[in-house]
Amino acid sequence: MTQLYRAEMQPDISFIGVGLEPERHLTREAERALQESRVAFHLTASHEFICDLVGGTAVDLGDHYRKTASTDAYTQQVEMILSELGNGPGVAFVTYGHPMVLVDTCQSLLSHLRTIRGTWRVISGISSVAVMLERFTLDIGLAGLLVIEANKMVINQVRPNPSVASFIMQVGAFGALDLTLARRNHPDRFVKLRDYLLQDYSPEHPAVFITCGHLEGMEDIMHHTTVNDMADDADLIHTGMSLYLPPAAPNQDDRIIREMSNPQNVFHEG
């Protein structure tokens, strides 16, 4: 059983999300957690900004992450952080977005902490999902939303519903294990993804590749295409991209709801 974290405790580790643009998105809760940290490992491009906030030492994992061209980068990060945990509580892992949204290092550390009955806290951050809701002005209570990583969608045979909005995450890493930005894409690598989506979507269904700006002055990268043509745009798809598939044209939802609520259409027993 995992030890529960209480507010008055100093947890073994804090998982801190700093949003997509730390200088704008950092919450007061995250700022306090950074100030309380003995050692903060961060995976951002805002080293000086993080250094100014951390009460102890800030360790930049960014160069290590970008130079490592395999998933071993995550294993090595976890080993570094676990080694520091051996020196006592007050460790932080700081990442873009929300720490519970597609951050392998957090999940690996959580697995270890559960095994040793460690303590942790999660400091929420503005995730890429939240920013994409803003960019596409989606009300997910009405439009619905599927959020899933591209490889997991195909491996686990998760079939998206064209009537519901979908965010297919890390689409640039589909069918690949490496992390390097220097990897050359080829249309053939995305054909399987296209064909998988064509099981449920029409060829003309809109598809939008998007990278939300996460550096100061960086604009969103957005490319509009169709499900049928997405594989032809391989050169434009990079590791950090998500794929947005909007819901199909709305049906007569309001009419159907009114009919459902009409007493004459309600089935009565007896």
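1. In this predicted model, one aromatic cluster is made up of Phe136, Phe167 and Tyr244. The number of aromatic pairs comes to two. A pair of aromatic rings is described by how far apart the centres are and by the angle of the planes.

2. The rings of Phe136 and Tyr244 have centres 4.0 Å apart and planes at 25°. Planes under 30 degrees apart count as stacked, so this pair is stacked. Phe136 sits in the loop between helix 7 (128–135) and helix 8 (140–143), while Tyr244 belongs to strand 10 (residues 242–245). The pair therefore ties together parts that are 108 residues apart in sequence.

3. Is Phe136 buried or exposed? Its relative accessible area is 15%, and the cut-off for buried is under 20%, so Phe136 is buried. Tyr244 has a relative accessibility of 6% and therefore counts as buried too.

4. The second pair to look at is Phe167 with Tyr244, which is tilted, with 5.5 Å from centre to centre and 55° between the planes. Phe167 is in strand 7 and Tyr244 in strand 10, 77 residues apart, and the pair links these distant parts of the chain. Both Phe167 and Tyr244 are buried.

5. Helix 2 covers residues 28–35, and Ala30, Ala33 and Leu34 are buried in it. Seen down the axis of helix 2, the buried residues fall within an arc of 100°, so they line one face of the helix. In general, an α-helix has 3.6 residues a turn, so residues three or four places apart point the same way.

6. Against which elements do the buried residues of helix 2 pack? They pack against strand 1 (13–17), helix 3 (47–53), strand 4 (91–95) and strand 5 (120–123).

7. Leu102 has a phi near 60°, a positive value in a residue other than glycine. Leu102 is located in the loop between strand 4 and helix 6 (104–116). With a relative accessible area of 37%, Leu102 is partly exposed.

8. For Gln157, phi is positive at about 55°, although the residue is not a glycine. The loop that holds Gln157 runs between helix 9 (150–155) and strand 7 (165–169).

Technical notes: Residues numbered from 1 in each chain as written. Predicted model: local features only at pLDDT ≥ 70, side-chain atom pairs only at ≥ 80, totals over all residues. Heavy atoms only, no water. Buried < 20%, exposed > 50% of the residue type's maximum accessible area, 1.4 Å probe, protein only. Helix = DSSP H or I, 4+ residues; strand = E, 2+ residues; numbered from the N terminus. Arc of directions from axis to C-beta. Contact = heavy atoms within 4.5 Å. Phe/Tyr/Trp six-rings, centres within 6.5 Å; stacked < 30°, edge-to-face > 60°.
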